[in-house]
Amino acid sequence: MTSSTSVGEPLQGKRIVVTGGTGSLGKLLVTRLLSGEIGDPEAITVFSRDEAKQHQMRLDYLQRASATDEVIFQNFERKVNFWIGDIRDFDSVSSVLRDSYMVFCLLQRTFVFGKYIRFGGKTDTLAILGL
């Protein structure tokens, strides 16, 4: 095989975008990507519209202390970027996808009826797109 990407490590050296990366599934995916199980990506961009959740995710990774988390922690410091934006805004999406190899699209919709009644938890989109 002449390709620089081996079959067992398809994300080796690639730039990845995770939309909805601050949600429960997104956080789990980012952790798996950082572990290097399917290659060592060059960069992981967490794209979401919630700055508070991005900040909390950053703090959660920076406070990992156990030895088993050491590799993930070091990869987090070197590789994870956070990008504020809305998936409904074309300019925001096109700018975050520039120079990316793959996007994991993990979107969730929450319906708000009235001031206090909230229905959510329906996952709208789960897609993996090679760019």
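User: Which residue just after H4 takes a positive phi?

Analyst: That's Asp 99, with a phi of about 65°. Keep in mind that this is a predicted model.

User: OK, and H4 itself, which residues are buried there?

Analyst: H4 covers residues 90–97, and its buried residues are Ser 92, Val 93 and Val 96. Seen down the helix axis, they fall within an arc of 95°, so they line one face of H4.

User: What covers the buried residues of H4?

Analyst: The cover includes three strands: E1 (15–19), E2 (43–48) and E3 (80–84).

User: And on the other side of H4, which residues are exposed?

Analyst: Phe 90 and Asp 91 are exposed over there.

User: Let's switch to E2. How many of its residues are buried?

Analyst: 6 of its 6 residues, so to speak a mostly covered strand. Ala 43, Thr 45 and Phe 47 point one way, while Ile 44, Val 46 and Ser 48 point the other way, and all are buried.

User: How do E1 and E2 run, parallel or antiparallel?

Analyst: They run parallel, with 5 bridges joining them. In that pairing, Ile 16 stands opposite Ile 44 of E2.

User: What about E2 and E3, parallel or antiparallel?

Analyst: Parallel again for E2 and E3, and 5 bridges join them. There, Val 46 stands opposite Phe 82 in E3.

User: Going back to E1 and E2, what kind of unit do they make with H1?

Analyst: Together with H1 (residues 24–35), they form a β-α-β unit, and it's right-handed.

User: New topic: H2. How many residues does it have, and how far does it reach?

Analyst: H2 (residues 51–62) has 12 residues and reaches 17 Å from its first C-alpha to its last. That's close to the 16 Å expected at 1.5 Å a residue.

User: Which residues in H2 are buried?

Analyst: Gln 54, Met 57 and Tyr 61 are buried in H2. Looking down the axis of H2, those buried residues fall within an arc of 60°, so they line one face of the helix.

User: And which exposed residues sit on the face of H2 turned away from the buried side?

Analyst: That face carries Glu 51 and Ala 52, both exposed.

User: Last one: what caps the N-terminal end of H2?

Analyst: Asp 50 does the capping: one of its side-chain oxygens lies 3.1 Å from the backbone nitrogen of Ala 52.

Methods
Residues are numbered from 1 along each chain as its sequence is written. This is a predicted model: local features need pLDDT of at least 70, side-chain atom pairs count only at pLDDT 80 or more; totals for chains, interfaces and linings use all residues. Side-chain values use heavy atoms; hydrogens and water are left out. Buried means under 20% relative accessible area, exposed over 50%, partly exposed in between (1.4 Å probe, protein chains only). Helices (H or I, at least four residues) and strands (E, at least two) are DSSP runs, numbered from the N terminus. The arc is that of the directions from the helix axis to the C-beta atoms. Contact means heavy atoms within 4.5 Å. Two strands pair if DSSP finds at least two bridges between them. A crossover is right-handed if, with the strands pointing away from the viewer, the path from the first strand over the helix to the second runs clockwise. The expected span of a helix is 1.5 Å times one less than its number of residues. A polar contact is a pair of N or O atoms within 3.5 Å; within protein, one must be able to donate a hydrogen and the other to accept it, and residues adjacent in sequence count only if both atoms are side-chain atoms.
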